Amino acid sequence: MNTDAGLVYTGPAANSFTGLAHLDGKTIYIITDTGAFYPVRVSGGTATLPTGVTTTVAEFGLPFVSTLQTLRLELQTPAGTSQVRRKRWNRVALRLYCTLGAPTVDGEPITYPLAADRPYTGDVTLHPPKGWDTDGAMVIRQADPRPCTALAITGDVELADA
C-alpha cells in the first residue's frame, strides 16, 4: 500500500466507490490499475474519479511523504575517524528497486528511465547540491503515492583537511 488508512478495490470497471466512511471529508488519492493517481475529496463515504476515468483495481487512502534520512557518514582514514571532519558528497550512486514516481535526494529530483510507467530497478547517479558539513547525511523523499525502495547508497565523498 502506498497510502495511509487505505483500502483496495478489485472488480468490474467503475468510476465511483463507496465504503470510505472512515475517510469522509478528507482528500485522498485514488491510485488506478494504470498507476495514475488522482486527489479526490471523500463525501458521504463515496469517492469518484474524474469524468471518463474508470478502473478495475484501485487503492484509496490518505497521502503521506516517505522520508529516509541516513545516519552521519563515517569513513575510516589513516588519520582516524571522519566524524568531526567536514565532508561533502561529490557524486551519489543510488540503487533503486521497483521505484515509480518522483523521489528526491536532498531536494534534487532523481531522474531514471521511465518505460510505460513500469517500475525502475537499477542504479542512478546524481550530484547533490549540498555543500560541506560534518554530518554527510542525506535525505531521500518520495511524496508520490508510488513505491520507492533504496537498496544502497554509495558514491564519492571528499574530506576536508583535518
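The following dialogue goes through how several labels for this predicted model are reached.

Trainee: What makes V53 count as buried?

Mentor: Its relative accessibility is 19%. Buried means under 20%, so V53 falls in that class.

Trainee: Where is V53 found, and which residues does V53 touch?

Mentor: V53 is in the loop between β5 (47-48) and β6 (55-62). Leaving aside residues up to four places away in sequence, V53 touches A14, N15 and Y38. A contact here requires heavy atoms within 4.5 Å. As for Y120, which is 67 residues from V53 along the chain, the two C-alpha atoms are separated by 25 Å.

Trainee: Why is D106 called partly exposed?

Mentor: D106 has 22% relative accessibility. Buried would need a value under 20% and exposed a value over 50%, so D106 counts as partly exposed. D106 is in the loop between β9 (104-105) and β10 (108-109).

Trainee: And how is A5 classed?

Mentor: A5 has a relative accessible area of 34%. With the limits at 20% and 50%, A5 is therefore partly exposed. A5 lies in strand β1 (residues 4-14).

Trainee: What is there to say about phi in A5 and D106?

Mentor: Most residues other than glycine have a negative phi. A5 is not a glycine, yet its phi is positive, at about 55°. D106 is likewise a residue other than glycine with a positive phi, near 50°.

Trainee: How many helices and strands does the chain have?

Mentor: The chain has zero helices and 13 strands.

Trainee: Why is the chain called more spread out than a compact globule?

Mentor: The radius of gyration is 20 Å, whereas the globule rule gives 15 Å for 162 residues. The value is well over the rule, so the chain is described as more spread out than a compact globule. Its C-alpha trace spans about 65 × 30 × 20 Å along the principal axes. Of the 162 residues, 33% count as buried.

Trainee: How many cavities of 30 Å³ or more are counted, and what lines the largest cavity?

Mentor: The count is one. About 50 Å³ of space lies in the largest cavity, and its lining consists of K87, R88, W89, P128, K130, G131, D133 and G136.

Trainee: What makes the lining two nonpolar, two polar and four charged residues?

Mentor: Trp and Pro count as nonpolar, Gly as polar, and Lys, Arg and Asp as charged. The lining includes W89 and P128, G131 and G136, and K87, R88, K130 and D133, so the classes come to two nonpolar, two polar and four charged.

Definitions and conventions:
Residues are numbered from 1 along each chain as its sequence is written. This is a predicted model: local features need pLDDT of at least 70, side-chain atom pairs count only at pLDDT 80 or more; totals for chains, interfaces and linings use all residues. Side-chain values use heavy atoms; hydrogens and water are left out. On a 1 Å grid over the protein atoms alone, a cavity is a set of points where a 1.4 Å probe fits but cannot get out, and a pocket is an open set with protein on both sides within 12 Å along at least five of seven lines; lining residues have an atom within 4 Å of a point. Grid points are joined across faces, edges and corners, and a volume is the space filled by probe spheres set on the points. Helices (H or I, at least four residues) and strands (E, at least two) are DSSP runs, numbered from the N terminus. The radius of gyration is taken over C-alpha atoms; the globule rule is 2.2 Å times the number of residues to the power 0.38. Buried means under 20% relative accessible area, exposed over 50%, partly exposed in between (1.4 Å probe, protein chains only).
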